[in-house]
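Have a look first, then follow the conversation.

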Amino acid sequence: MRSKVRAVTDGAVTALAVLATLLVVTPLVAIFVYLIYKGASSLNLAFFTQIPKPVGEAGGGMANAIVGSGVLLGIASLIGVPVGIGGGIYLAEFGRGTKLANAIRFTADVLNGVPSIVMGIAAYSLIVLPQGHFSAFSGGVALGIMMIPTVCRTSEEMLLMVPHAVREAALGLGVPNWRSVLSITVKTASPGIITGCMLAFARVAGETAPLIFTALGNAFWSTSLKEPIAALPLQIYVYAISPYDEWHRLAWAGALVLIALIVIAVSLVRYVTSRGVLKGAS
Amino acid sequence: MVKVQVPEIRVSRPKVQIEPAAADAKRVAEPPFAETSAVRKFLLARGNSAIMDGTFHVLMVVCGLSIFGIVILIASELVLRSDLAWSKIGFSFFYRAYFDPSTGLPNYWDPVNGHFSAIPFVYGTLVSSLLSLVLAVPLAIGVAVFLTEMCPGILRGPLAFLTELLAAIPSIIYGLWAVFVLVPLLREHVNPMLVKWLGWTKLFSDDNPTGLGYVSAAVILAIMILPIISSLTREVMLAVPHSQREAVLALGATRWEMIRMGVLRNARIGIVGAVILGLGRALGETMAVTMVIGNTPEIHRSLLANGSSMAAVIANEFAEASGDLHRSALIEIGLALFVVTIVVNAIARILVWVVTRGTPAQAH
């Protein structure tokens, strides 16, 4: 009798776990199916080549937003990638096991959880308020700051995967430490580090909150760093909360472009990390 | 006695020891590196590396320290720019509201007349986050249990990849989906049922025809924080040694008893950490919540009513803030959000670290 109850409980829990997994997978599949269905039907050449048309006119695209996102992400990468990789090198090569490195690692993890809108406020008060106008530069800085902790942690992780023998071989030949780190360790881990950067890149590519009051958005062509600039996620936001069907259509197309970028980045990261940093090493 | 033995050894070796010593003396007399190999020549041609090594080390330390710099920078900017609100409203911003003398009703947020109180936003943030945790935590643990203990090997990779992907989707896309798919679905099918069955609690009243509100925000938040909680829970459960599972199984436990006693009990601190980390994400989530919560600075007992959250009010009003005090008050909300998420994340990280300590570091 008792064993029967136990067996039934076991089966029930298994069923519940399977049910939970199905429930979790369902929204993801629903989001993707809906996104592809809605996005693909509204995606056309004009989307990539034209700027938004005024309300009431059909057609138009998000060319300015795509270019704007590119400009913003360029600034963000210039700030986030070198500093982030530098931090990762410090954590993996110089500070291994020290208290300072542990504190930095912990702070980076905590910083990863700070809401992006707070980063936006920081960039606003740091750049927009003193300059007196919204600008592409301030948006790029906000995104760049957000990239640093992610890039730092993933590069550290990738550098730690490089076998010690490789470092020792370089140092044993008398190569100075800085060269050994840059041209041996970092170079060996570079596929992993690059994909880590792409992951951070994809994360901030979808960020909207820090751009609302830094880059602000722009309905026209602009690539100037001193002017407000359009960005893909911002444009999606503006179009999604608008009451026009035509704009909703464009929002779905924009979302599809954004998600394609992110899926590619995440798949690459998974491919590289599952394969290991080194081909045929260890 | 010992000293007697030592000379004996020396005596036996003099010839052998003298020769290398002589050879050493000879080598010192020669100019250094006279017989340098090609590798050494190549390296010497690059000059002394001490300066470069030092510079490089310092540069990398500076990059590492920049993480602290960012935190300090954000904190100082937020404190500095919310100065006006601190001096005019003070801490009562978070607990005192202005009551309209003519109607007796609270007027929480009135930028035109200069009445500011964060109560409705704090309330909205807390209600939507906690409600989302109630929805997400059991599901997340179920998924983690399935993935670590029950899943056939073929499914494990793709399912882990799917949950990872779910974590990488930008919140704006969740928001877009929520506005056009989830909210209509809840409005047409779920909310009427909630009103019918749970209406007696007065937590669900059907006076909001939009479908936006705390419940919609909580559902989309639950979908968003699920992958974070489940992937961390999974990691914590994987850190439980196999011997624990084997020991419980050897005592004749069923699989569920093994999971309950062998795995969940050992991993519980880490699971709490994962849940708190999810809470941190939910508290700070901006775009998706802004799009579905309704954005009215009011407090309602009904969970189906429109509300607002701390992040949502900043996203909505910051760019068009009507004055310095308004902007300063919004920054004060941002500061509160910053401090709360830092504390919540720190607690979560420590709890997760306590359990996974000893296993290789992983970025999340």
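What follows is a set of questions and answers on the two chains and how they meet.

Reader: Before we start, what pLDDT do local features need in this model?
Author: Residues are numbered from 1 along each chain as its sequence is written, and chains are lettered from A and ligands numbered from 1 in the order in which they are written. This is a predicted model, where totals for chains, interfaces and linings use all residues, side-chain atom pairs count only at pLDDT 80 or more, and local features need a pLDDT of at least 70.

Reader: What is the mean pLDDT of chain A?
Author: pLDDT is the predictor's confidence in each residue, from 0 to 100. One stretch to treat separately is residues 278-282 of chain A, where pLDDT stays under 50 and the model has 4 contacts beyond four places in sequence; two residues are in contact if their C-beta atoms, placed from the backbone, lie within 7 Å. In chain A, 96% of the residues reach 70 or more, and the mean pLDDT is 87.

Reader: How many helices and strands does chain A have?
Author: Helices (H or I, at least four residues) and strands (E, at least two) are DSSP runs, numbered from the N terminus. Read along the sequence, chain A goes α-α-α-α-α-α-α-α-α-α. The tally for chain A is 10 helices and 0 strands.

Reader: And what does the secondary structure of chain B come to?
Author: Chain B has 364 residues, and buried ones make up 44% of them. A residue is buried if 20 or more other C-beta atoms lie within 10 Å of its own, exposed if 12 or fewer, and partly exposed in between, with C-beta atoms placed from the backbone. The secondary structure of chain B comes to 14 helices and 4 strands.

Reader: Which helix of chain A gives the most to the side that touches chain B?
Author: The two chains meet through 76 residues of chain A and 75 residues of chain B. Several helices of chain A supply at least two residues each to that side, including helix 3 (63-94), helix 8 (177-205), helix 10 (245-275) and helix 1 (2-42). The one that gives the most, with 18 residues, is helix 1.

Reader: Why are helix 9 of chain A and helix 8 of chain B called roughly parallel?
Author: Axes are lines fitted to C-alpha atoms, for helices over the stretch in contact, and angles run from 0 to 180 degrees between N-to-C directions. Angles under 35 degrees count as roughly parallel, over 145 as roughly antiparallel, 65 to 115 as roughly perpendicular and the rest as oblique. The axes of helix 9 of chain A and helix 8 (residues 171-198) of chain B come within 10 Å and cross at roughly 15 degrees. That is why the pair counts as roughly parallel.

Reader: Which residues of helix 8 of chain B does helix 9 of chain A meet?
Author: Helix 9 of chain A is mostly covered, as 8 of its 9 residues are buried. Its contact with helix 8 of chain B divides into 7 nonpolar, 1 polar and no charged residues. From helix 9 of chain A come A:Pro233, A:Ile236, A:Tyr237 and A:Ala240, and they meet B:Ile172, B:Gly175, B:Leu176 and B:Val179.

Reader: Within chain A, are helix 4 and helix 6 parallel or oblique to each other?
Author: The axes of helix 4 and helix 6 of chain A come within 9 Å and cross at roughly 130 degrees. Among the residues that meet there are A:Ala108 and A:Leu111 in helix 4 of chain A and A:Pro149 and A:Arg153 in helix 6 of chain A. Given that angle, the two helices of chain A are oblique.

Reader: Which residues is A:Val181 in contact with, leaving aside neighbours within four places in sequence?
Author: A:Val181 lies in helix 8 of chain A and is buried, with 23 other C-beta atoms within 10 Å. Beyond those neighbours, A:Val181 is in contact with A:Ile89, A:Glu93 and A:Val186.

Reader: What is the phi of A:Leu216?
Author: Most residues other than glycine have a negative phi. A:Leu216 sits in the loop between helix 8 and helix 9 of chain A and is buried, with 21 other C-beta atoms within 10 Å. Although A:Leu216 is not a glycine, its phi is positive, at about 70 degrees.

Note on methods: Ala, Val, Leu, Ile, Met, Phe, Trp, Tyr, Cys and Pro count as nonpolar, Asp, Glu, Lys and Arg as charged, and the others, Gly among them, as polar.
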